[in-house]
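Let us read a structure together, one feature at a time.

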Amino acid sequence: MKIKVGVSSCLLGNNVRYDGNNKLDTYIKETLGRHVAFIPVCPEVEYGLPVPREAMHLVGNPVSPRIITVNTRIDHTEGMKKWVNKRLDLLEGAGLSGFIFKSKSPSSGLKDVPVYDEHGRLIGHGRGIFARSFVERFPLLPVIDEVDLADPVFRRRFFRDLFSYHKNRLNPLYRPSSGYGYR
Ligand code: SF4
């Protein structure tokens, strides 16, 4: 059975981004895709937003930011969080051994996502709404974004953790041998 890996849908070439485009990563789709079974997730589209749509960004406290449309200032935080909890319940039963996130996204970004104040000034960096809840729900699951995956050192470590997690995922006493430095 192939290792199951969750992935931000736009990285597989699906046209789900706010501008109607994708962020195809051919290494992930073609090379890695020969060895693993992907479970694509697009939080914004699965939550119910259209394609194309108005861009969103993170606003407020970088530790617990809100997700708001950039121009019309519609706050999707509560709705997204409700959807995220249901989606994570489904993913819990999906048998994932890792997840590859799209960097810098206010929904999917794992780290370094810009956070603004109410006036649009950059005040810090944080995690996307979906990515934050994901790592809180699955703290031992290997995760990475496509930028770090392109780095040979991080990539090697992610693969080591991915295969180790897959092999040991049914062992309740299993703990990864090292912390996830790429988080
Ligand atoms: S970054 Fe995440 S929310 Fe944005 S298009 Fe890609 S999968 Fe969807």
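This is a predicted model: local features need pLDDT of at least 70, side-chain atom pairs count only at pLDDT 80 or more; totals for chains, interfaces and linings use all residues.

Q: How many of the residues count as buried, and what share of contacts is between residues 24 or more positions apart?
A: Of the 183 residues, 34% are buried. Among contacts with a separation of 6 or more, 60% join residues 24 or more positions apart.

Q: What span should helix H6 have?
A: Count 1.5 Å a residue. Helix H6 covers residues 152-168, 17 residues in total, so it should span 24 Å; its end C-alpha atoms are 24 Å apart, which agrees.

Q: Which residues of H6 are buried?
A: Phe 158, Asp 161, Leu 162 and His 166 are buried. They lie on the same side of H6, because they cover an arc of only 130° around the axis. The general idea is helix geometry: an α-helix has 3.6 residues a turn, so residues three or four places apart point the same way.

Q: What covers the buried residues of H6, and what does the face turned away carry?
A: The cover includes strands E1 (3-8), E5 (96-101) and E8 (143-145), and helix H5 (146-149). The face turned away from the buried side carries the exposed residues Pro 152, Val 153, Arg 156 and Lys 167.

Q: Which residues surround the ligand?
A: The shell has 13 residues, and the closest are Cys 10, Cys 42, Lys 102, Ser 105 and Ser 108. By type, the shell divides into 5 nonpolar, 5 polar and 3 charged residues. Helix H2 (residues 43-47) gives the most, with 3 residues.

Q: Where is Glu 54, and is it buried, exposed or partly exposed?
A: Glu 54 is in the loop between H2 and strand E3 (56-59). Count the C-beta atoms around it: 13 others lie within 10 Å, so Glu 54 is partly exposed.

Q: Which residues does Glu 54 touch, leaving out those up to four places away in sequence?
A: Glu 54 touches Tyr 18, Thr 69, Val 70, Asn 71 and Thr 72. Take Val 70: Glu 54 is 16 residues from it in sequence, and their C-alpha atoms are 7.2 Å apart.

How values were computed: Residues are numbered from 1 along each chain as its sequence is written. A residue is near a molecule or strand if its C-beta atom, placed from the backbone, lies within 6 Å of it. Helices (H or I, at least four residues) and strands (E, at least two) are DSSP runs, numbered from the N terminus. Ala, Val, Leu, Ile, Met, Phe, Trp, Tyr, Cys and Pro count as nonpolar, Asp, Glu, Lys and Arg as charged, and the others, Gly among them, as polar. The expected span of a helix is 1.5 Å times one less than its number of residues. A residue is buried if 20 or more other C-beta atoms lie within 10 Å of its own, exposed if 12 or fewer, and partly exposed in between; C-beta atoms are placed from the backbone. The arc is that of the directions from the helix axis to the C-beta atoms. Two residues are in contact if their C-beta atoms, placed from the backbone, lie within 7 Å.
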